[in-house]
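Thank you for making the time this morning.

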Amino acid sequence: MASLKVQSSTKRKRMISHSLTYLYLLILSVIILFPLMVTVSSAFKVGNVTAFTLDLKSQFSLENFRRLFHETLYVRWYLNTLWVAVWTMLIQVLVVTLTGYAYSRYNFVGRKKSLIFFLIIQMVPTTASLTAFFVMAWLFHALNEYWFLIMIYVGGGIPMNAWLMKGYFDTVPFDLDESARLDGAGHLRIFGQIILPLVRPMIAVQALWAFMGPFGDFMLAKFLLRDQKAYTVAVGLQTFISDSKKPEVTLFAAGAILIAVPISILFFLLQKNFVSGLTSGGTKG
């Protein structure tokens, strides 16, 4: 009798736990999907609207995308952003990977203090440095220059990502390094042929994060890119809704949807590596 009561109580608790979990997932799905549905609905509407609304009964049209490509600078903004995103991804992944490996595998003067310094830097929000970045760009004649914007993106991504990369390198057994050294392998061979293939999951995660950054950043790009032809897509899209008297909401929505295309492609190319990369980076410090 006591055993039946225990089983009944366990089943009841399990049902409550599952119900709360499904309720949480349902609420989370609504929060995520509703803005997406509103954006898609606005992008395919005929004509223009003054606000984002979810109207599934409106007529379907590709006119907004035609106007986006032929009547605006959207294609140029898109190519500008792709250029910045690709170079940011390549440089940041290279720097962060080498930095994480060095902190994981080598002991050097200032190692612990510099790691703490990385954390302190990460606590300072980017918005607090906007004025300093603008002054630096003005002094170096780097306004409207993508190399300066890329360097800031890379520099801002190093502190926390180096910590995560170090943590992932720490999960790779040090015995592999020692065995390779006994076989006569040098530092570069150990890194390139033995360790690097084992940390591909975290490299994939770092690549996606770095690539996504320029597509979503508005404040920094707005401060440093003054010429309308040099805008990134986030800054360019803001011009569609900056005029309160005549906001181009449908054009904004159409352009926002297309931002997801290169990010989605990169995600699907790297998705096999993401689960272990996201869950294992912080296991060791």
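Predicted model: local features only at pLDDT ≥ 70, side-chain atom pairs only at ≥ 80, totals over all residues.

Residues are numbered from 1 along each chain as its sequence is written, and side-chain values use heavy atoms, with hydrogens and water left out.

The protein has 13 helices and zero strands, where helices (H or I, at least four residues) and strands (E, at least two) are DSSP runs numbered from the N terminus. Of its 285 residues, 38% count as buried, meaning under 20% relative accessible area, with exposed being over 50% and partly exposed in between, for a 1.4 Å probe and protein chains only.

Let me turn to the charges. The structure holds six salt bridges, each being a side-chain nitrogen of Lys or Arg within 4 Å of a carboxyl oxygen of Asp or Glu. In one of them Arg67 pairs with Glu248, with the closest N and O atoms 3.4 Å apart. Arg67 lies in helix α2 (residues 63-70) and Glu248 in the loop between α11 (233-241) and α12 (249-270), so this pair ties together parts that are 181 residues apart in sequence. Glu248 itself is buried, at a relative accessible area of 15%.

A further salt bridge joins the side chains of Arg105 and Asp177, at 3.1 Å from N to O. Here Arg105 belongs to helix α3 (residues 74-105) and Asp177 to helix α7 (residues 175-182), so parts that are 72 residues apart in sequence are tied together by the pair. Both partners are buried, Arg105 with a relative accessible area of 10% and Asp177 with 2%.

What does Arg105 lie over? Arg105 lies over the face of Phe174, at 4.1 Å from the ring centre; the criterion is that NZ of Lys or CZ of Arg is within 6 Å of the ring centre and within 35 degrees of the ring normal.

As for the rings themselves, there are 15 aromatic pairs, where rings of Phe, Tyr and Trp (its six-membered ring) pair if their centres lie within 6.5 Å, and planes under 30 degrees apart count as stacked, over 60 as edge-to-face and the rest as tilted. Ring pairs link Phe69, Tyr74, Tyr78, Phe211 and Phe215 into a cluster.

Finally, the largest pocket has a volume of about 580 Å³, a volume being the space filled by probe spheres set on grid points that are joined across faces, edges and corners. A pocket, on a 1 Å grid over the protein atoms alone, is an open set of points where a 1.4 Å probe fits, with protein on both sides within 12 Å along at least five of seven lines, and lining residues have an atom within 4 Å of a point. Of the 22 lining residues, the closest to the centre are Thr126, Ile152, Gly155, Gly156 and Gly157. Helix α6 gives the most to this lining, with seven residues.
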